[in-house]
Amino acid sequence: MDFLRKSYATTRYSFALFAAALLPLEAHAALPTYDFKVVRSYPHDPQAFTEGLLYRDGFLYESTGLNGKSSIRKVNLETGAVLQSKDIPPQYFGEGLTVWGNTLVGLTWQTQTGFVFDLATFEMRSQFVYPGEGWGLTQNGKELIMSDGTATLRFLDPKTFLEVRRVKVTADGIAVDQLNELEVVGDEIFANIWHTSTIARIDPATGKITGWIDLAKLYPAAGMGLNGENVLNGIAYDAEKKRLFVTGKLWPKLYEIKLVPRK
């Protein structure tokens with residue numbers, strides 16, 4: 001596990017340097033920043049290297065990463081218990097996950113391979129390919145939306161998995177990369193900025209960041225520090241009840257939060 005994490009961190013280290021240099025909240029102070037209130041905390045598997053997270057019909061669905069450790073899971077929100085799981089073949093590093101109809105669609109990091117799983121049984125239905133890396137994945141009811149570690153969001157046809165369009169994500173005209181786990185929340189896209197405690201609120205039509213969500217204070221609450229790979233990653237939204245959930249890689253808790261504009 002330590003070797004895998006070290007290898008993972010080393011490979012992505014150049015991205016982390018830029019992320020650290022471009023501290024979003026400081027570099028773009030003109031954009032509104034949101035703090036948060038914790039509504040409730042829930043147990044979360046501290047061995048889950050969270051890459052993708054979503055809420056569907058009362059359950060969480062989660063994908064985990066690391067070669068030989070990657071999986072997709074159905075999770076009981078209240079208890080954190082893993083109700084159903086399927087390992088991803090060990091040569092693949094699992095990444096983003098979203099639901100489409102009666103399927104789960106997942107990405108892998110550097111192997112340019114995506115998987116389609118049956119939502120009920122987790123049986124693999126098909127595979128697809130894409131250029132570049134796979135990081136985060138969500139959907140807007142019409143298209144799949146994919147991040148790849150750059151400042152670009154790709155919009156994919158959910159039937160063919162071919163790219164339909166793309167947008168460049170910017171804050172005050174400056175490109176912002178490290179876009180990782182994604183979630184459509186209302187008419188926005190929320191994106192974890194990798195190796196930071198920040199979520200960007202993105203206008204999907206223009207790619208412009210409209211605000212930052214600062215979750216730095218969740219780290220001590222979760223008993224974590226911003227070290228290594230145990231970083232904030234994982235956003236899920238219950239559209240019916242307007243509940244927003246967040247967690248991190250290897251975090252022992254998942255949080256329901258409400259956003260509060262910073263004064």
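What share of the contacts in the chain with a separation of 6 or more comes from residues 24 or more positions apart?

**Figure 1. Overview of the predicted chain.** In this predicted model, residues 24 or more positions apart account for 53% of the contacts with a separation of 6 or more. The chain has 263 residues, and buried residues make up 55% of them. Its secondary structure consists of four helices and 22 strands. The accessible surface amounts to about 11300 Å², with 54% of that area belonging to carbon and sulfur atoms.

Figure 2. Strand β21 spans residues 243–248, and six of its six residues are buried, so the strand is largely enclosed by the rest of the structure. In a regular strand the side chains alternate between the two faces of the sheet. Here Arg243, Phe245 and Thr247 point one way, whereas Leu244, Val246 and Gly248 point the other way. The residues on both sides of β21 are all buried.

Figure 3. Strands of a sheet pair through backbone hydrogen bonds, either parallel or antiparallel. Strand β20 (residues 232–238) runs antiparallel to β21 and is joined to it by five bridges. Within this pairing, Ala236 stands opposite Phe245 of β21. The hairpin of β20 and β21 has four residues between the strands, and Lys242 takes a positive phi near 55 degrees. Strand β22 (residues 253–261) is also antiparallel to β21, with three bridges between the two. Ile257 of β22 is the bridge partner of Leu244. β21 and β22 likewise form a hairpin with four residues between them, and Leu250 in its turn has a positive phi of about 65 degrees.

**Figure 4. The open sheet of β10, β11, β12 and β13.** These four strands follow the order β10-β11-β12-β13, and their pairing is antiparallel. β10 (137–139) and β13 (163–168) stand at the edges with a single partner strand each, so one side of each is left without a neighbour in the sheet. On average, neighbouring strands of this sheet are turned by 25 degrees against each other, direction ignored. The antiparallel pairing of β10 with β11 (residues 144–147) extends over three bridges. Thr138 stands opposite Ile145 of β11.

**Figure 5. Aromatic rings around Phe115.** The count of aromatic pairs in the model comes to 11. In one of them, the ring centres of Tyr92 and Phe115 are 5.0 Å apart and the planes stand at 85 degrees; an angle over 60 degrees counts as edge-to-face, so this pair is edge-to-face. The pair links distant parts of the chain, 23 residues apart: Tyr92 lies in the loop between β5 (82–87) and β6 (94–100), and Phe115 lies in strand β8 (residues 113–118). Residues under 20% relative accessible area are taken as buried. Tyr92 therefore counts as buried at 13% relative accessibility, as does Phe115 at 1%. Phe115 also pairs with Phe117: the centres are 5.9 Å apart and the planes are at 45 degrees, so this pair is tilted. Both Phe115 and Phe117 are buried.

Figure 6. Elsewhere, Lys74 lies over the face of Phe59, at 4.2 Å from the ring centre. Arg201 lies over the face of Tyr34, at 4.5 Å from the ring centre.

Note on methods. Residues numbered from 1 in each chain as written. Predicted model: local features only at pLDDT ≥ 70, side-chain atom pairs only at ≥ 80, totals over all residues. Heavy atoms only, no water. Buried < 20%, exposed > 50% of the residue type's maximum accessible area, 1.4 Å probe, protein only. Pairing = 2+ DSSP bridges. Axes fitted to C-alpha atoms, helices over the stretch in contact; angles between N-to-C directions. Contact = heavy atoms within 4.5 Å. Areas by Shrake-Rupley, 256 points an atom, 1.4 Å probe, with all protein chains shown as cover. Phe/Tyr/Trp six-rings, centres within 6.5 Å; stacked < 30°, edge-to-face > 60°. Lys NZ or Arg CZ within 6 Å of the ring centre and 35° of its normal.
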